[in-house]
Amino acid sequence: MNSIVIVESPAKAKTINKYLGDGFTVMASYGHVRDLPPKNGSVRPDEDFAMDWEISAQSKKHLMAIVNAAKDADAIYLATDPDREGEAISWHVLEELRDRKVINGSEVKRVTFNAITKAAVLEAMDNPRELDIELVDAYLARRALDYLVGFNLSPVLWRKLPGSRSAGRVQSVALRLICSRELDIEKFIPQEYWTVETSLTKDSSQSFTARLTHHMGEKLDKFGLPNEASAKAAQAAIESATFSVESVEKKQKQRRPYAPFTTSTLQQEASRRLYFSARQTMDNAQRLYEGADMGGETVGLITYMRTDGVHIDGAAINTIRSVVGQDFGAEYVPEKPRVYTSKAKNAQEAHEAIRPTDPARRPKDVAPYLSKDQLRLYELIWKRTIASQMESAIMDQVAVVTSSADKTTKLRASGSVIRFPGFLKIYEDAPKASADGDNDDEADRILPPVEEGESLKQSDIKPDQHFTQPPPRFSEASLVKTMEELGIGRPSTYASIIQVLQDRNYVRMDNRRFIPEDRGRVVTAFLESFFAKYVEYSFTADLENKLDEISGGRLSWKVVLEEFWRDFITAIEGTSELRITEVIDTLDALLEPHLFPKTDDGKDPRTCPTCEDGRLSLKFGKFGGFIGCTKYPDCRYTRQLSVSGNDPNSAVADGPKELGEDPETGMMVSLRAGPYGIYVQLGDAEVLAARAAAAAPPPPVEEEPTKGKKAKKPKKPKKPKVPKPKRSSLPKGMDPGEIDLEQALKLLSLPREVGVDPESGEMILAGIGRFGPYLKYGDKYQSLGVDDSVLEIGLNRAVVVIAEGKEKKGRRGGGSAKPLGEHPDDSKAVTVRDGRFGPYVQHGSLRATLPRDKDKDAITLEEAIELLAIKAAKAGIAKKAPKKKAATKKKATAKKKTTAKKKTAAKKKTTKKKAVAKKAEPKNATADQDD
């Protein structure tokens, strides 16, 4: 029996092929084989939401391979991922096979597995099902909605807001979250408050710190001591009082472990603990899911990573409890297995939590087979999974209240100690700061034993000033958490949404926090003003719930689309009469707190600094928004939108900023803005030109003419060579407002020597190039990430970065090369490698892909040379045509030049003849003719 199994990735295909053996051919679709064409009319609401599908150029080759294999197949297994996107990929492939009429009575079966292990795959093959049409309908509805919003709303942006990129159904709402938070920060007014703490001691024994909670008989809230005067008064009251213990409260508290990871919580924790972006987390999770080659066998290491379920398979729970007992002892194993339930209203992804496929496979067991990032993520998943089935942590908490004799002044101290660590033994919490930036260390404080009525002596009384802090900007973790809480989007889409916002230059990352760019703020203000309904959090969440209802078979996808489209197209058509001046005036008023913040001197921030008569306002040009003067064209003052520290150009808004003199050359070092960003410069072009002119030799003096000889004209002096000022761009993430002379000189000294590479013996250099910071070793380059400073990176870290770069390049461009032998023509090595599209052989720069039926481990040198020869012959034929074309073009150009020269020569000859004839005529010839 001949069966084909269709999956979405070649890595998955390679692994599953080994599990199934003879009789099965596993083929990869390489993701979606078709999509909506990016043009108008791909979704037609007037035709009952009919859709056109297009096969991409990249997919044609892979689809044709599947079509050809399906012609002779007895059975077709659709084994794509167990979620909505996986169901859609299977549906697209099946539709193409049906349209091409190649199924020919073959059985079509849908199989899903939550982990790529032999047992899971074989069990799935034994229990096939039908395609889930309701999940496909949910995909069609979601895809149509995204298309209709993007292709109808984006053109409105382009017409009304020049310089804008695009709008999206979910991305615009996520952008609004970031912009609204920034507006809250800008409007925030800090409020002062004070606290008073004192040290209390019992009989010269151990002291502990207590905080004032009651003053003058009243309980203090956060702002109970609003200024220094009230804090000093409280300090005096504590100094004059005598204190005794009023009450001692003791209790035990249990802390239960966290549930295993879902997609959302994995992204959040990887961001907090590993500093991974959402995309980085999902990319590494995908590799762990598809498997690693461990001792000659490819094994999937984690279950499917797109899920909002938190339960774990019963057999896996038993293994986890066994691991806990072996590694930590029987006291860490709870009496009964822990059961977790999902908080998601409609968990429509794969339903089991993210966990190791074999919980007994500890991180140290897989370390030799994984990259650094893959290992860190696997360890995080493994620890969270193991901790989820451990005993609770038990805390002994103590609270001591002391009061003055008249009970008008009270102090409180609290602390706790871990009585039994439980799950904290393996999954300890990271320390957190309070909302106002003060670390709360009471949880780790141990108080000495005291009894009620005991006298305590106070000392070291400290009043502390505080200011309330604005809400923090969103990190990737907090943005994902907020979107999930609001029901915006779905966890499997968060990484792509965040990436799109950055790719469109709507937001940027600074210290791992999102800052909205002005382009993003303008787009958000426009949508809030003219399409308010479609960026409302509740509307977007309600639409997501309806899409989940479709996947559950409780709603018709076309009914949902009809309801949405009816109101949406009305809103779009309502903007046709909208004048750009009306848009600008609305946005100018809405963005005023950001564009024209109040100044400390009380002056009107809208007064033009150039003419002092006009007013500044928001304007739009070909390349987007800017600030201009109302007296234009008489006043041509303009500036970029941002005026706050958010704008990297604000540090040089008034021209170059001088940082100080270079101690070696005495030249001025300045900070400047150029067309490609902010940079530092040593010296000034005019100063360097003047120096070069002064250093140039004097011009030669014209000689006196001698009798019978003409005076020689002096040779023109050569222009002095003017050196260009040395410049260096600022690395991404470096704040121009914080640049000082020392940092600028370090940047100007780049590239710098980091140290000698212990492997190659070559010097490693660190510098900044066209594409950002880099390391150079020999003639090779390696880019530096945002977490590495080009000014501070040391030799050890540089060696690690280079090694990781080589590993990534190996995965992208062929991995490790297996030598087959020397080529007889030039004795150069012939190698076989793994490539993106399958194994291939290489000789020099020539590559030839291996046939599908050829195992790369079995190919010989002779077979490789034959494949390379065939490829070389094809390449040679391809080169002849352009060469002939180039020669023809060259010949035509030469002929054109010759014709032009002949015409010029003939014209000169005619002009010369006319001049000679004119000279020969008598002076009165013209007059005689007139007579």
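Let me begin with a term: a residue is called buried when its relative accessible area is under 20%, exposed when that value is over 50%, and partly exposed in between, as found with a 1.4 Å probe on protein chains only. By that scale, Glu-563 is partly exposed, with a relative accessible area of 35%, and Lys-546 is partly exposed as well, at 25%.

Before I go on, please keep in mind that this is a predicted model, in which local features need pLDDT of at least 70 and side-chain atom pairs count only at pLDDT 80 or more, while totals for chains, interfaces and linings use all residues. Residues are numbered from 1 along each chain as its sequence is written, and side-chain values use heavy atoms, with hydrogens and water left out.

How confident is the model, then? pLDDT is the predictor's confidence in each residue, from 0 to 100, and for the protein chain its mean is 81, with 83% of the residues reaching 70 or more. Helices here are DSSP runs of H or I with at least four residues, strands are runs of E with at least two, and both are numbered from the N terminus. Confidence is highest in helix α12, residues 372–387, at a mean of 93, and lowest in helix α24, residues 925–930, at 34. Over residues 877–887 the pLDDT stays under 50, and the model has 0 contacts there beyond four places in sequence, where contact means heavy atoms within 4.5 Å.

Now to the interior. A nonpolar core is a set of buried Ala, Val, Leu, Ile, Met, Phe, Trp, Tyr and Cys residues joined through side-chain atoms within 4.5 Å. In soluble globular proteins, nonpolar side chains tend to be buried together. The largest core in this model has 154 residues, of which Leu-377 and Phe-526 touch the most other members. Helix α5, residues 133–160, gives the most to this core, with 13 residues. Apart from it lies another core, of 25 residues, including Leu-659 and Val-801. If you find Leu-377 on the screen and leave out residues up to four places away in sequence, you will see that it touches several residues, among them Leu-266, Phe-276 and Leu-288.

Let us turn to charged pairs. A salt bridge is a side-chain nitrogen of Lys or Arg within 4 Å of a carboxyl oxygen of Asp or Glu, and the structure holds 41 of them. Because Lys-546 lies in helix α16 (residues 537–551) and Glu-563 in helix α17 (residues 557–573), the pair ties together parts that are 17 residues apart in sequence.

Another salt bridge joins Asp-373 and Arg-376, whose closest N and O atoms are 4.0 Å apart. These two are 3 residues apart in helix α12, so they are separated by about one helical turn. Arg-100 and Glu-96 form a further salt bridge, at 3.1 Å, in which Arg-100 is partly exposed at 34% relative accessibility, whereas Glu-96 counts as buried at 9%. There is also a network of salt bridges that links Arg-142, Asp-146, Arg-169 and Glu-544.

Which residues lie closest to the centre of the largest cavity? On a 1 Å grid over the protein atoms alone, a cavity is a set of points where a 1.4 Å probe fits but cannot get out, and lining residues have an atom within 4 Å of a point. Grid points are joined across faces, edges and corners, and a volume is the space filled by probe spheres set on the points. The search finds 2 cavities of 30 Å³ or more, and the largest holds about 100 Å³ of space. It is lined by 13 residues, the closest to its centre being Val-149, Gly-168, Arg-169, Tyr-534 and Val-535. Elements α5, α16 and α17 each give two or more residues to this lining, and α16 gives the most, with 3.

I will end with the backbone. The peptide bond from Tyr-632 to Pro-633 is cis, with omega near 10 degrees, and Pro-633 is found in the loop between β23 and β24. Lys-407, although not a glycine, has a positive phi of about 65 degrees, and it lies in the loop between β17 and β18.

Key:
On a 1 Å grid over the protein atoms alone, a cavity is a set of points where a 1.4 Å probe fits but cannot get out, and a pocket is an open set with protein on both sides within 12 Å along at least five of seven lines; lining residues have an atom within 4 Å of a point.
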